[in-house]
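Here is a short report for a reader new to this structure. Take a look at the chain before reading on.

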Amino acid sequence: MAAPKSCALWSYCGRGWSRAMRGCQLLGLRGAPLSARLLSQEKRATETHFGFETVPEEEKGGKVYQVFESVAKKYDVMNDMMSLGIHRVWKDLLLWKMRPLPGTQLLDVAGGTGLAWVLGDAEELPFDDDKFDIYTIAFGIRNVTHIDQALQEAHRVLKPGGRFLCLEFSQVNNPLISRLYDLYSFQVIPVLGEVIAGDWKSYQYLVESIRRFPSQEEFKEMIEDAGFHKVTYESLTSGIVAIHSGFKL
């Protein structure tokens, strides 16, 4: 339930979205690590977080890539087990908000929903300015090293009037549910990861990365800072996830 880094990781939603978007031109940015520099470029000397761990920025992309390489084979099963299938409802709601029409130019970043694939980096999208009508990213932006840069890139490639939609884990707004959610996240999810996928550490990273992600209001401000207008969000399942929306005007 985090950002996929290969086609296989999101194959389960690709079929559903392909049917719903028949007639639209949907381009998927196939995930190499979202912040990995696959092309030669200057390394940064500063540090960032990888879950609760502090790492050099240039290492985070590779670490995220290793996580998703490790969990890919059991990714669909684990998503269903961890969320009891609710993740499918969240994605359906994202699609409902999108309401794509025939001819709509769509860019789905960090997912497996595209009908045409491009290998790239969310922080340096390989597309011209003002190209897409809708930009979506689901459970992906949390793994980007520089979220502000990824948001700026989303704004750049959208046409004037284009819409940004992001489905991501967020902050639970009920204290009791929050305590239960923390207990489940840290005590149960890594165990499920070990039993089902044979990988405790990757699912420990998952729950840690969720806790490091900004709250609904904080992320809303980041989207506005990237140049988007009419920014709103809707919390789902008591704030376990939220859908953020913004427009390029």
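The sections below cover a hairpin, a pocket, the surface and the salt bridges of this predicted model.

Strand β2 covers residues 47–50. Its side chains alternate. Thr48 and Phe50 point to one face and are buried.

Strand β3 (residues 53–56) runs antiparallel to β2, and 4 bridges join the two. Phe50 has Glu53 as its bridge partner in β3. The two strands form a hairpin with 2 residues between them. Gly51, in the turn, has a positive phi of about 65 degrees.

## The largest pocket

The largest pocket holds about 320 Å³ of space. It is lined by 17 residues, and the closest to its centre are Met82, Ser83, Tyr181, Tyr184 and Ile240.

Which helix gives the most to this lining? Helix α6 does, with 5 residues. Helices α3 (75–83), α4, α6 (175–187) and α8 (200–212) each supply at least two residues.

## On the surface

Leu84, Ile86, Val89 and Leu93 make a nonpolar surface patch of about 370 Å². Ile86 belongs to helix α4, which spans residues 86–98. Ile86 is partly exposed, at 34% relative accessible area.

Lys201 sits in helix α8. Lys201 is exposed, with a relative accessible area of 72%.

## Salt bridges

Side chains of opposite charge can pair when their charged atoms come close. The count here comes to 9 salt bridges. One of them links Asp133 and Lys159, with the closest N and O atoms 3.4 Å apart. Asp133 lies in strand β6 (residues 132–138) and Lys159 in strand β7 (residues 158–169), so the pair ties together parts 26 residues apart in sequence. Asp133 is partly exposed at 25%, and Lys159 is partly exposed at 28%.

Other pairs lie within a helix. In α5 (residues 147–157), Glu153 and Arg156 are 3 residues apart, about one helical turn. Their side chains meet in a salt bridge at 2.8 Å, N to O. Glu153 counts as buried at 13% relative accessibility, while Arg156 counts as partly exposed at 22%. In α9 (residues 216–225), Lys220 and Glu224 are 4 residues apart, again about one helical turn. They form a salt bridge at 2.9 Å, N to O. Salt bridges with shared partners also join Asp129, Glu153 and Arg156 into one network.

Notes:
Residues numbered from 1 in each chain as written. Predicted model: local features only at pLDDT ≥ 70, side-chain atom pairs only at ≥ 80, totals over all residues. Heavy atoms only, no water. Patch = residues over 30% accessible without salt bridge, like charges linked within 9 Å, V, L, I, M, F, W, Y side chains within 5 Å. Areas by Shrake-Rupley, 256 points an atom, 1.4 Å probe, with all protein chains shown as cover. Salt bridge = Lys/Arg side-chain N within 4 Å of Asp/Glu carboxyl O. Buried < 20%, exposed > 50% of the residue type's maximum accessible area, 1.4 Å probe, protein only. Pairing = 2+ DSSP bridges. 1 Å grid on protein atoms, 1.4 Å probe; cavity = no way out; pocket = protein on both sides within 12 Å on 5 of 7 lines; lining within 4 Å. Points joined across faces, edges and corners; volume = space filled by probe spheres on them.
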